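Here is a briefing on salt bridges and a nonpolar surface patch. Please look at the sequence and the model first.

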Amino acid sequence: MHGLFPVLHVFLRMALTRPWQPLLILMALLVATGGLSAVWLINEGARQGELASGTPGFFAAGTVSPRSDVESLTKQDYIRLRKQGFTGLIGISQRDITLSCGDTGNDRKQGKNAKTVTLTAIDETALMSLPDTTVQSRTFKSASGGSVLFEPGNRGNTSGIISYAAPGVITGFTCDNQELYGDGTPVRQPVSVQGLPEGILVTGLQNFYRKEITPDNTPLSALIVAGDPDGQQIAQLKSALPAHLTFIPPPVQAETGTLSASFRLNLQAMGMLMAVVALFIILNALMLMYRARLATIIRLRQLGTAKQTILIALFAELILYCFIAAPAGVLCGLGLTRGLTPVLQSVFAGLFDGVFISPSPFIVQMVLLAWLISVIALAIFFVIPVKQLSGALSLRRFSESQTTLSVAGRLFTTVIVTGIAAGFVFNAGSALTALVSTGAVLLSGCVLVILWLPALTAMVCRLVTSSMPVLSYVAAGTHRLSAKSKLAVCAFFIALTANTGMNVMTDSFRQATEDWLMQRLSAPAYFYSDAPSPPELINDEIQTRSVYEGRGIISLNVPSTERRLAVSVKSFPVDDIARKSLALYSSAEQAWSQFRSREGIFVNQQLAFRLNVEPGDSVVLSDIQTDDGTMVSLSDKTSGDVFLIAGIYPDYGNPEAQLLLPLTAFSPPSGYAGLSAIYYEHHALSGQKPDLSVLANAGSLYFTGELITRSMATFDRTFVVTDALNVATLLVAGLAFAISVSVLTLDLRPEMNVLRAMGVGQWRLRLVLIFQYMLLCLLAGLMALPAGIVLAHVFIFQVNRYAFYWVYPLNVSVDVLLSGLMLSMAVVFIILLLPLGKMNAKVDLRQEEGL
């Protein structure tokens with residue numbers, strides 16, 4: 001270890017002399033650590049949101065409520081039931097308030113920074129007397145540190161009401177250090193509690209009844225049933241209730257699968273792809289930096305410096321770069337996550353029907369982890385340049401001749417590699433193994449590129465005749481470069497393959513969505529409202545068909561099965577118009593006759609893939625209820641709760657398992673879904689649209705063309721982020737290619753000097769080199785196109801199948817393929833202008849360092 005610090009000092013001085021080389025390494029480390037940090041933070045926010053959504057709800061066991069508004073729930077009813085032994089009942093009272101920011105809040109209720117929530121007062125004494133095993137008690141005791149919700153000194157405290165709220169309420173409303181008010185009353189920043197419904201603030205009864213709010217004008221709204229009572233306890237409670245009270249069971253929550261987990265898994269895959277491409281940059285930058293320092297390293301060896309000391313000093317320099325880049329990358333990832341938090345919250349609420357919670361980062365732990373990962377990655381990638389340096393520093397020169405495989409050997413290797421990748425693809429049985437299969441496709445593609453790219457360039461050399469000397473030189477140079485720039489070509493191949501796969505998948509999804517909407521939206525217009533369309537609008541010319549929905553439990557019709565799935569139940573008409581509008585993924589031979597006779601049901605792909613059922617299988621449907629808890633029975637069905645799977649229909653973007661029942665069998669008044677289809681006869685109206693102003697005033701009215709246009713515009717906005725990530729990935733891969741060019745131009749100096757001595761101009765040399773690299777990129781891009789199509793197939797039929805439980809047809813568009821290839825070529829061309837533009841093409845007959 002003698003002389004380590006002087007050698008390290010020499011390398012650092014060289015880094016200051018040529019700063020762009022270590023800056024490339026710092027930038028790549030910053031991209032890798034920043035990307036991984038952002039992925040970790042976003043995944044943590046998704047995980048916390050999933051926990052918040054998946055935690056048993058505060059109203060999970062049901063409530064006791066008045067049957068009507070005529071006779072309310074009184075305090076005497078509450079006391080009487082608790083005296084009868086129902087100590088698990090907790091009284092609550094609710095009213096809507098407007099949260100706002102400012103001095104008093106009274107003048108800012110209608111401002112932009114205002115939010116309406118339901119203030120829910122709870123009987124604190126009854127709550128805190130519950131056992132710790134109950135959801136309600138555990139929820140608040142964990143948030144309050146085991147103490148009571150409201151300390152005695154804070155009762156009526158002018159510093160603000162103490163309240164609790166779901167994490168989504170906290171993240172969706174901030175006052176920027178201003179006071180928070182609720183209808184003029186100071187409110188402290190709510191404490192985040194998981195398991196509470198969205199849009200409510202929970203406080204104590206003593207904070208609820210203030211000023212003009214009294215138990216007389218705002219009585220108890222309901223009694224929460226705490227704990228997890230069994231069927232016998234619920235029956236005893238029902239029998240003890242007065243006539244004006246009723247027990248409302250909790251709504252059935254539909255199983256949304258693992259959307260949040262799938263989102264995290266896909267994000268991890270994108271982060272790893274970014275990190276891998278960044279590591280390619282690091283490797284190329286290391287080779288460039290060490291190649292530029294080779295003469296100095298040889299002189300150090302001639303001065304007696306041990307080879308081990310030189311290598312340790314080089315690695316110590318890399319560790320120093322990690323100390324600089326890791327904190328900067330973590331901070332960049334944190335800033336990116338904070339900037340994307342509003343977008344992610346909107347995406348999770350609209351697409352996943354979930355919550356995204358902005359995580360609280362652990363800066364020290366994240367920096368240490370990022371530094372450790374960077375050091376480990378650099379240690380692994382340090383092996384390749386160290387091997388080259390060891391060969392250059394040895395006394396024995398090795399021959400540059402390489403052993404090449406024959407055509408038969410290439411074909412045999414191709415079959416083996418393709419078979420391994422196909423085995424991963426066709427044996428994928430989960431979201432994780434599906435993502436592993438994407439990695440297998442990319443890695444096998446890299447092997448095939450390394451295997452066949454020299455053969456393709458050699459074929460190009462044979463096709464170019466000697467009568468075209470410039471093209472012959474370009475083809476020969478491309479063939480030589482194909483063996484020296486394997487890493488850069490692989491990075492470009494991975495980026496372009498991923499880009500092509502994402503573009504083909506997105507285009508297929510867009511085409512499938514547009515076709516599906518065009519077929520599904522068969523009515524001329526659709527009416528959205530809280531109540532069905534006005535009856536005076538229904539006549540011979542205008543007809544409406546309302547949609548009804550509910551929840552239920554479905555299971556296989558097998559005695560030993562334990563697989564039960566919560567589903568969303570919707571009504572569907574049985575006429576010819578409805579038949580033409582429902583696209584089926586697969587169906588039984590007599591699908592529509594089974595559906596009309598109420599023997600069969602249609603299920604979406606999400607349900608079919610989760611239960612692993614096919615048309616003709618038998619299932620049991622039970623416990624159907626509307627959102628308000630009203631139970632729905634299909635009493636006119638002859639075969640009880642057993643149904644046949646008549647068909648499976650696509651339901652793109654829906655996170656829920658869903659089934660369709662005939663409208664004649666399922667149309668509960670309390671289950672109106674807020675949607676009605678509007679039909680009118682064109683011939684009866686002489687081609688003129690009817691006057692629908694009555695509907696427009698009663699709710700929201702949209703014509704079909706407008707709905708489709710809005711839906712596709714939303715689709716395009718959703719995938720803008722994907723397009724940006726594709727371009728960013730291409731930029732990173734192009735940068736890796738540019739660094740490889742900088743390395744190779746050092747080896748081309750003798751050849752460039754000879755050509756310059758022969759009278760070839762500088763710009764001609766640069767153009768020749770650009771043509772060589774662009775031809776190399778074109779050949780790699782042509783190999784990436786079929787690999788991208790295969791990757792899109794894996795995305796659609798493997799990753800999408802096991803992550804989101806729905807698939808769609810693969811649509812390969814030549815325009816999409818060529819546009820992606822041309823974009824990637826343009827990106828590489830622009831990036832190559834920098835190293836080739838700075839290349840010194842002047843004659844230099846001094847001693848070369850071609851070691």
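Leu 432 sits in helix 15; helices (H or I, at least four residues) and strands (E, at least two) are DSSP runs, numbered from the N terminus. Leu 432 counts as exposed, at 53% relative accessibility. Buried means under 20% relative accessible area, exposed over 50%, and partly exposed in between (1.4 Å probe, protein chains only). This is a predicted model: local features need pLDDT of at least 70, side-chain atom pairs count only at pLDDT 80 or more, and totals for chains, interfaces and linings use all residues. Residues are numbered from 1 along each chain as its sequence is written, and side-chain values use heavy atoms, leaving out hydrogens and water.

**Nonpolar patch**

- Phe 412, Ile 416, Ile 420, Phe 424, Leu 432 and Val 436 make a nonpolar surface patch of about 590 Å².
- Helix 14 (407-426) and helix 15 (431-463) are the elements that give two or more residues to this patch.
- Helix 14 provides the largest share, 4 residues.
- Patches are made of residues with over 30% relative accessible area and no salt bridge; like charges are joined within 9 Å, and nonpolar side chains (Val, Leu, Ile, Met, Phe, Trp, Tyr) within 5 Å.
- Accessible areas come from the Shrake-Rupley method with a 1.4 Å probe; for residues, only the protein chains shown count as cover.

- The structure holds 7 salt bridges, each a side-chain nitrogen of Lys or Arg within 4 Å of a carboxyl oxygen of Asp or Glu.
- Side chains of opposite charge can pair when their charged atoms come close.
- Arg 545 and Asp 575 form one of them, at 2.3 Å, N to O.
- Arg 545 is in strand 12 (residues 542-556), while Asp 575 is in the loop between strand 13 (564-572) and helix 18 (576-581), 30 residues apart.
- Asp 575 is partly exposed, with a relative accessible area of 23%.
- Arg 551 and Glu 656 also meet in a salt bridge, at 3.1 Å, N to O.
- Arg 551 lies in strand 12 and Glu 656 in the loop between strand 17 (642-649) and strand 18 (658-662), so this pair ties together parts 105 residues apart in sequence.
- Arg 551 and Glu 656 are both buried.

**Salt bridge between helices**

- Asp 576 and Arg 596 pair through their side chains at 3.9 Å, N to O.
- Asp 576 is in helix 18 and Arg 596 in helix 19 (residues 591-596), distant parts of the chain 20 residues apart.
- Asp 576 is exposed, with a relative accessible area of 52%.
- Arg 596 is partly exposed, at 34%.
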